[in-house]
Amino acid sequence: LAVRYRGTTLAAAVATLIVVIGLVAGGRIGFTFFPGVESKVLYANASFTAGTPPQRVIAFLEHLQETLNETEGAFGGELVEMAVVRQGVSTSGDASGQRTGDQYGSVIVELISPDKRSVSNAEFISAWRERTVVPPGIELFTISQRYGGPPGQDVDIRIIGEDPHVIKKAGAELMTKLRSFPGVSAIEDDLPWGQEQLIYHLTPTGRALGLSVDEVGSQLRAAFDGSLVQIFQDGDDEVEVRVVLPDEERHNLGALETFNVILRDGTSVPLRTVVTLTARKGFEALRHTDGKLSVRISADVDRTVSNAAGILAALEENFLPELAVQHRVSYSFEGRAKNQAETMADMKRGALFAVVLIYIILAWVFASYSRPLVIMAAIPFGFIGAVVGHYLMGIELTILSLFGIVGLSGIVVNDSIILVSFYQQLRQAGVPVAQAIPEAACARLRAVLLTSLTTIAGLTPLLFETSVQAQFLIPMAVSITFGLAFATILVL
């Protein structure tokens, strides 16, 4: 029947391939750069308003310890192996995200191995967060987990602009948008607010008196930071002599009311006469990318709820272009998204190189330019089985799935080689085409099945392995096992 209605057979196979490609391209079957294998380490980070007394940070860290113990007890106990409390430090899975200061605090929790507990990290984090009461004055509180695989977070977007307040505002809008996606947590930026700043501008009187912004600034700096007037040696020590206001004036904002600015003619006028002071929040640190100001927005994604690639695609399509135009900023994807783009480019070159090598070998063996194309026609259809296998197993496609698909390309041609070789022998013996094809399929049925089933049987135990280490390899095994099974049926 397949030979008699070969047009229908081919059309059905091609239609199935198109549907499967559509499922992947449309996001029905998600793609994650690297498998989300749970680790043992959790991070709880708190960032209070700059200037917060250390005692308030310590009190909240003690509260976090209490709620951690309550959460552990709610799940039966003996889940936490170790908890380290750090006051003055904010710690995350990415070393570049560490910050120091009196307003920061963190708790690093090490749980028992995921193989020895029934509670997932996401469930534990959710229960811990529900029991935690966030005090007033806290700017950011996150609980996140460390994922296995390459460094970087699921969502990592850099916004680049000219004005720190503009990129901070754009980053705040992006953070608000991220909170609307289910499963997104630990949303933070690397441009935290710092202490309050006083910005001064010259008044018309100050300009009329011949003052400049630099002159006023140098006098304020000399008064509150000190002016170096002499350096001398005292034995092995080098001693600096600075002229500075007394501490009771330097540490009191009221000193600005009585501060006098010296004019060029030696006379002085009150500071408030020549400048206006406006208060605004400053930044703890400014980040730069290629000489321009930038802010990075990062977040974790619960992979059982949402897909990081889908979230980034939705932002790219509907939100980020409008944000860039509205605030006159630019943006780029960092972290795992950047690694994914680079790896995918390498994968395309590698896959093309592999296909070319397969064709060269087949053309050399069969002494034909067209017959290798017939044999290699089975390669795209192996993709159908690989995708369906991921759907049936309830896992997303990963970079290791693509490794498996590239390897599958070299495996599925084995069945085609067996059939085409025997078909070629029958044709050389004078058997008609309509008879040679079914006869070759029937005669080589056992050889084709053994070639595929031995590979499938060897990989099947890996599909049902539950250990943490095996989770990295299961997507690759699914691609090869299901892809080979489907391609074998299609080849026959």
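Which residues line the largest cavity? Before I answer, please keep in mind that this is a predicted model, in which local features need pLDDT of at least 70 and side-chain atom pairs count only at pLDDT 80 or more, while totals for chains, interfaces and linings use all residues. Residues are numbered from 1 along each chain as its sequence is written, and side-chain values use heavy atoms, with hydrogens and water left out.

The lining consists of N45, A46, S47, S90, R99, Y104, L140, T142 and E188, where a lining residue has an atom within 4 Å of a cavity point, and a cavity is a set of points, on a 1 Å grid over the protein atoms alone, where a 1.4 Å probe fits but cannot get out. The volume of this cavity, taken as the space filled by probe spheres set on points joined across faces, edges and corners, is about 50 Å³. β1 (38-48) is among the elements that give two or more residues to the lining, and β1 gives the most, with three residues; strands here are DSSP runs of E of at least two residues, and helices are runs of H or I of at least four, numbered from the N terminus.

Let me turn to helix α2 (residues 54-74), where T67 has its place. T67 is buried, with a relative accessible area of 1%, buried meaning under 20% with a 1.4 Å probe and protein chains only. Leaving aside residues up to four places away in sequence, T67 touches W128, R131 and T132, a contact being heavy atoms within 4.5 Å.

How values were computed
Buried means under 20% relative accessible area, exposed over 50%, partly exposed in between (1.4 Å probe, protein chains only). On a 1 Å grid over the protein atoms alone, a cavity is a set of points where a 1.4 Å probe fits but cannot get out, and a pocket is an open set with protein on both sides within 12 Å along at least five of seven lines; lining residues have an atom within 4 Å of a point.
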